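Reader: Could you walk me through this model? I would like to begin with the overall form and then go into some local details.
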Amino acid sequence: MSTQEQQANIGKVLSFLREWDRGDMRVRGRMLSTFVTQNTGKTFYELELEFAQVASLFLARLTTWMKLTYMLGTFLGLQLKALGIFLSASCHDQYLMNFLEDGGVLTLLDILSHSQSKDDDKAGAIKLLLTVSKAGRKYKEIICESHGVKVIGECLSTSNRDETKEAASVLLESLSHGNPRYQDQVYKYLITCMTCSSPKSLQLILHTLCIIQRKMKTAHYSIVEPLLNTLRSLHLEVQDEAIKLILDLKHYDVKAVLLTGLVALLRPIKEKEHQHQISKDSEMTEMTGSFPVLVQQAAAAKTIRLLAEEDQELSRELLSLGVIQHLLHTMGNREHPDGQIQASLTLEYFVVSFPVVEDQVQRVMGSALFAEFKNKADTVYMNINETEAEMLLTNQINMSQVLNGNKSDS
């Protein structure tokens, strides 16, 4: 570009900035719309040519305008798109540093926190924060130091649109990657988010936790209880993500607590009965009338099967925890056929894998029911009568004693 052309371009840019400074909201909105249309996809070098090397002056004006007006929401979508042009320009971080120095990250987080922000604008703010996060560790740390993990986590939990939730989960995953100083903070905050009521949010939280957990050397014990509670979800996609995470956690130090918790879920107790401590002889009263708890019971039986099938040593641990007695109890729970099916299929695995289990289960079931169970484990529940159900519910089989006895004999 010749000196004359440069001078002409500088004059054009200065005229643009003067018009911007003098203009009202409508004028700036029109100018910004034109800017977005003409400059989307341009590189840092192209933007510098366009703005005669004073593009950062316009970026500063744009950031300040957004900071002052984002609560109105009038031109926020355009402002976010324009900022995206600067922050995405090539791999040059000059614009990024200018944006951060002008408080851009804090403004984006404020947009996410503002109750009146539109979902489209929240999605735009998350997109810009992701661009910042991808620029490197120091940028991730700036977002986290600005309480970004909490703000983004709340957006994931409470947003009305699935696209915004998905973007928030991707951003949290990005903040955990290559950010050792704050990885644990992201991980622990996601654990607290597992109590949220949105199935889509919960699915994404569990999925993101699974990804982060695989990068960590330890698991936090606070993950166990809320994770087991997610098995109450009536949404299969939530259960699938929860089960994946449980299968991963068997490699961590929370394994014993997790296995104990899963086995306990096979024998739920009614809250009222628990509170009033109903008498000893009412084993039948341990049945629960809460459908989510029955769903959780079935999911626990399925998860135990998947864990046992992967690891015979883990199967032995489950046997020592009384899993057989609890599976038989679940088989007798005629309130929820899916629980009976899952318990039967899991029990089938243990019967096939451990001859000593087969002997004990046959004694509890009796020859006729056991023959039906061996023939078709997934449909035997349809043939369980009231007497057999009570027998299964009240069974006192103790595999620990049997297993210990076998060790002594050997």
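Author: The chain has a radius of gyration of 30 Å, whereas a compact globule of 410 residues would have one near 22 Å; the radius is taken over C-alpha atoms, and the globule rule is 2.2 Å times the number of residues to the power 0.38. Along its principal axes, the C-alpha trace spans about 100 × 40 × 35 Å. This is a predicted model, in which local features need pLDDT of at least 70 and side-chain atom pairs count only at pLDDT 80 or more, while totals for chains, interfaces and linings use all residues. Residues are numbered from 1 along each chain as its sequence is written, and side-chain values use heavy atoms, with hydrogens and water left out.

Reader: How many helices and strands does the chain have?
Author: The secondary structure comes to 25 helices and zero strands, where helices (H or I, at least four residues) and strands (E, at least two) are DSSP runs numbered from the N terminus.

Reader: And what share of the residues is buried?
Author: Buried residues make up 51% of the 410 residues in the chain; buried means under 20% relative accessible area, exposed over 50%, and partly exposed in between (1.4 Å probe, protein chains only). As for contacts (heavy atoms within 4.5 Å), residues 24 or more positions apart account for 72% of those in the chain with a separation of 6 or more.

Reader: Let's go local: which residues of helix 23 are buried?
Author: In helix 23, residues 367-375, the buried ones are Leu-369, Phe-370 and Phe-373. Seen down the helix axis, they fall within an arc of 100°, so they line one face of helix 23, the arc being that of the directions from the helix axis to the C-beta atoms.

Reader: What covers them, and what does the face turned away carry?
Author: The cover of the buried residues of helix 23 includes helix 20 (323-331), helix 21 (337-353), helix 22 (355-365) and helix 24 (386-393). The face turned away from the buried side carries the exposed residues Ser-367, Ala-368 and Asn-375.

Reader: Staying with helix 21, is Thr-346 buried or exposed?
Author: Thr-346, which has its place in helix 21, counts as buried, because its relative accessibility is 0%. A polar atom of the Thr-346 side chain lies 2.9 Å from the backbone oxygen of Gln-342. Leaving aside neighbours within four places in sequence, Thr-346 is in contact with Ala-301, Lys-302, Ile-304, Arg-305 and Leu-327.

Reader: Changing topic, how many disulfides does a search of the whole structure find?
Author: The search finds zero disulfides, a disulfide being a pair of cysteine sulfur atoms within 2.5 Å. Cys-193 is in none, and the nearest cysteine sulfur, that of Cys-196, is 6.9 Å away.

Notes. Polar contact = N/O pair within 3.5 Å; in protein donor to acceptor, adjacent residues only side chain to side chain.
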